[in-house]
Amino acid sequence: MVQKAKILLVDDRPENLLALEAILSALDQTLVRAASGEEALKALLTDDFAVILLDVQMPGMDGFETASHIKRRERTRDIPIIFLTAINHGPHHTFRGYAAGAVDYISKPFDPWVLRAKVSVFVDLYMKNCQLKEQAALLRLQLEADEQPPLGGALLGELSARVAAVEEQAESLAKQLDGTPEPALATTVQHLERRLAALRQAIEALRPGSH
């Protein structure tokens, strides 16, 4: 059973965190609060997150600096970051957010439905990647056991069926995002599809009679 995804909410104002929780509670995922950039970085040391909602204007370590630290860490650099800001400072400010590694930049007050929909996409991608990693781990165990008998037909069939389910879900998600104006989403989906193709190729190579 796939566990719930964790979503990191970073804002120095408790009322903003409460509002985000109210908006995202319908996704039925695990929402983790952080009241500062430092607190967010500590949470990222031990937990894996599907997406980070990061307030730009915070005392001390602001959102840009926090994002910079996140992107420098190998463990966390691939986590999508959505910047939230109360003030629109113009194109330069927005560009700075994307340069810091954000996949999206939303000005407050934002549309709750739009925010929930965007977060939902990244949660779905995270879940697909988790499923893919589980199947890849099973396959890797077999490939590393060079002296073991070939993978049994029943187990190979089960593994193939699981991957097929992820392939079907990924294809459906790709169709939903077809023509999306957000390059980060399209790139993430393409990365998932490439990993699925590699895993499928490895499974087929284990079938009897293959070379």
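This is a predicted model: local features need pLDDT of at least 70, side-chain atom pairs count only at pLDDT 80 or more; totals for chains, interfaces and linings use all residues.
Two strands count as paired here if DSSP finds at least two bridges between them.

Five strands make up an open sheet, and the order across it is S2-S1-S3-S4-S5, with parallel pairing. The edges are strand S2, residues 30-34, and strand S5, residues 104-107; each has a single partner strand, so one side of each has no neighbour in the sheet. From one strand to the next, the twist averages 20°.

Take the S1 end of this. Strand S1, residues 6-10, runs parallel to S2 and is joined to S2 by five bridges. In that pair, Leu9 is opposite Arg33 of S2.

Now the helices on the sheet. Helix H1, residues 14-24, packs on the sheet and touches S1, S2, strand S3 (51-55) and strand S4 (81-85). The direction of H1 makes about 170° with that of S2. Helix H2, residues 37-46, also packs on the sheet, where H2 touches S1, S2 and S3. Its direction makes about 165° with that of S1.

H2 has a helix partner as well. How do H2 and helix H3, residues 63-72, pack: at what angle, and how far apart are their axes? The angle is about 20°, and the axes are 9 Å apart. Angles under 35 degrees count as roughly parallel, so H2 and H3 are roughly parallel to each other. The crossing of H2 past H3 is right-handed.

As for residues, Gly37, Leu41 and Leu44 of H2 meet Thr66, His69 and Ile70 of H3. That contact divides into three nonpolar residues, three polar and no charged.

Technical notes: Residues are numbered from 1 along each chain as its sequence is written. Side-chain values use heavy atoms; hydrogens and water are left out. Helices (H or I, at least four residues) and strands (E, at least two) are DSSP runs, numbered from the N terminus. Axes are lines fitted to C-alpha atoms, for helices over the stretch in contact, and angles run from 0 to 180 degrees between N-to-C directions. Contact means heavy atoms within 4.5 Å. Angles under 35 degrees count as roughly parallel, over 145 as roughly antiparallel, 65 to 115 as roughly perpendicular and the rest as oblique. A crossing is left-handed if the near helix is turned anticlockwise from the far one by less than a right angle, and right-handed if clockwise. Ala, Val, Leu, Ile, Met, Phe, Trp, Tyr, Cys and Pro count as nonpolar, Asp, Glu, Lys and Arg as charged, and the others, Gly among them, as polar.
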